[in-house]
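Hi,

Here's the structure I promised to pass on to you.

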Amino acid sequence: MSSILDGFLEALSLLFSFNPEIYQIMFMSLYVSGLATLLAAVIGVPLGAYIAMKKFRGREFLRNVTYTMMGLPSVVAGLIIFLLLSRSGPLGMLGLLYTPFAIILAQFLLALPVIAGISISAVSSVPNEIRDAAFSLGADNWQCTVAILKESKMGLITGIITGFSTCLSEVGAAMMVGGNIRFDTRVLSTATVLQAEQGAWGVALALGMILLILVFVINYPLLRLQKKHLKLMKKAVRIE
Amino acid sequence: MTSSAEKSSVIDVSGLSKTYDGATKVLEDISFQVSKGEIFVVIGPSGVGKTTLLRLIDLLDVPSTGSLVINGVDTTRLNTKERLQVRRKQGMVFQSTLLFDDTVYANVVYGLKIREVPKDQIGVKVTKALKVVGLEEIEGRHAKTLSGGETQRIAIARVLAYEPELLLLDELTANLDPSNTAKIEKVVKDVRSIYGTTILVATHNMFQAKRIADHVAVLFNGRFIEVGDPQTIFEHPTNPLTKAFINGELIY
């Protein structure tokens, strides 16, 4: 118990000591995970919406593959990107292994099915009456799609935040393709593992707590939005 | 080609049928006309095809056979873009209305925005539509905080805002108490007198049909069994099924 408290105090002292290395690691984490999530959202949200809304051959198969890939272990994602980027791999000539870009690719691979999968659920849960109402009010296909996406915005935001949290907290892929190089590819999760392996429990715990604080700060606006949404739902139930 | 009599009709339906999955016949050989500014009520028990008929007229679904002419345009021969043009001149309020997860204002303004109505006209049209349904005070409220009656009235205002030529109302008082039902019926009559809109109502409530209809069609098992003015239909029905329905003796 006291080591957890020590870790918490060390986290605060590390944060307020303005240690440049800690801040560099924090920003590197935000940079690679943020970019990976952005890429995954740009592809994952439309992909999920397409699977949820369009009827086409292989739709069920694609939906199952997406849901299965949501459980992709980070080391497997890391391994796939490692094999692609290693010198003997198809993209080896680009020399991208052990760079932040390699971590972005691996985390993108992890976040894409998470965001697409949650988007499928969110869009599928919009009642058909919304689609009918939009069409009846004169919407064309694109305007109707926008109306449905707006209705599922809470689910879509949840998907993106979950994708970001997945990227920020994974360690296997970042370690495998980034190499945990100091001042270059070291991120919060890999730095935590390194400190733990070296027996520096306090620092490891502190880094872990900084990671959690970051996730909390990013999740907070979503929590506020959800709370507002729940309040409205409760009001609606009372009126019924 | 359409005759001059058909041209004066807003809706001209002839031999309309709808079959699902090639087997389940929901509507069969439906023919009727609705003139401009008329309130035409389709009455019948639940599950006889009223909603399907309205969905076909709103071009949300495609008939299996027959012709559906709206404002002189045979809609069965239109491509997607042309169907959209026809649909934009009409609007439907559904039995299980769901408003968009947004404010009342955002809901009412939706139809105007997608039609790219100039901004300086939007405010006037929204206010007018809300005034007609008697809810001009609540445009800032969230749609989820409305009662059932308010929701249906906002659903009507959402369509009225873009001033459609044809309004389709599907069982819109089915889940409401008598007070809210009376308010909605008043709104329907006001809409006709203020906007001159042609209104097609589907309901199982024969008292409502008596109160608001210019013409009534009785729908049973996918077929119109009787069409006429309310007085004739309700006081001198010729079809035994209509008689049974009016007397509350129809078991099917």
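One definition before the rest: helices (H or I, at least four residues) and strands (E, at least two) are DSSP runs, numbered from the N terminus. Also bear in mind that this is a predicted model.

With those labels, Leu59(B) sits in the loop between helix H2 (50-57) and strand E4 (65-70) of chain B. Leu59(B) isn't a glycine, yet has a positive phi of about 60 degrees. Most residues other than glycine have a negative phi. Is Leu59(B) buried or exposed? A residue counts as buried if 20 or more other C-beta atoms lie within 10 Å of its own. Leu59(B) has 22 of them within 10 Å, so Leu59(B) is buried.

Chain A has a non-glycine residue with positive phi too: Phe183(A), with phi near 60 degrees. You'll find Phe183(A) in the loop between helix H9 (172-178) and helix H10 (188-197) of chain A. Phe183(A) has 10, so Phe183(A) is exposed.

Staying around there, H10(A) has buried residues at Leu188(A), Ser189(A), Thr190(A), Ala191(A) and Thr192(A). After H10(A) comes Gly199(A), with a positive phi near 80 degrees.

Now chain A as a whole. How many helices and strands are there in chain A? The count is 11 helices and zero strands. The C-alpha atoms of chain A fill a box of roughly 65 × 50 × 25 Å along the principal axes. Of the 240 residues in chain A, 39% count as buried. Looking at contacts in chain A with a separation of 6 or more, 76% come from residues 24 or more positions apart.

Chain B has an open sheet of six strands, ordered E6-E7-E8-E3-E9-E10, with mixed pairing. Its edge strands are E6 and strand E10 (223-228) of chain B, each pairing on one side only. From one strand to the next, the twist averages 15 degrees. At the E6 end, E6(B) and strand E7 (residues 166-170) of chain B run parallel and are joined by four bridges. Met92(B) stands opposite Leu168(B) in E7(B). Helix H7 (residues 178-195) of chain B lies across strand E3 (39-43), E7 and strand E8 (198-203) of chain B, at about 160 degrees to E8(B).

Next, where the chains meet: 22 residues of chain B are in contact with 19 residues of chain A. On the chain B side, helix H3 (80-87), strand E6 (90-93), helix H4 (104-114) and helix H6 (148-160) each supply at least two residues. H4(B) gives the most, with three residues. The chain B side that touches chain A divides into nine nonpolar, six polar and seven charged residues.

Last, the largest nonpolar core, which has 133 residues. Which members touch the most others? They are Ala106(A), Ile115(A), Val41(B), Ile154(B) and Ala157(B). Helix H5 (residues 100-124) of chain A gives the most to this core, with 17 residues. Not counting residues up to four places away in sequence, Val41(B) touches Val201(B), Thr203(B), Ala209(B), Ile212(B), Ala213(B) and Val216(B).

Cheers

Notes: Residues numbered from 1 in each chain as written. Chains lettered and ligands numbered in written order. Predicted model: local features only at pLDDT ≥ 70, side-chain atom pairs only at ≥ 80, totals over all residues. Buried ≥ 20, exposed ≤ 12 C-beta atoms within 10 Å, placed from the backbone. Contact = placed C-beta atoms within 7 Å. Nonpolar A, V, L, I, M, F, W, Y, C, P; charged D, E, K, R; others polar. Pairing = 2+ DSSP bridges. Axes fitted to C-alpha atoms, helices over the stretch in contact; angles between N-to-C directions. Core = buried A, V, L, I, M, F, W, Y, C linked by C-beta atoms within 7 Å.
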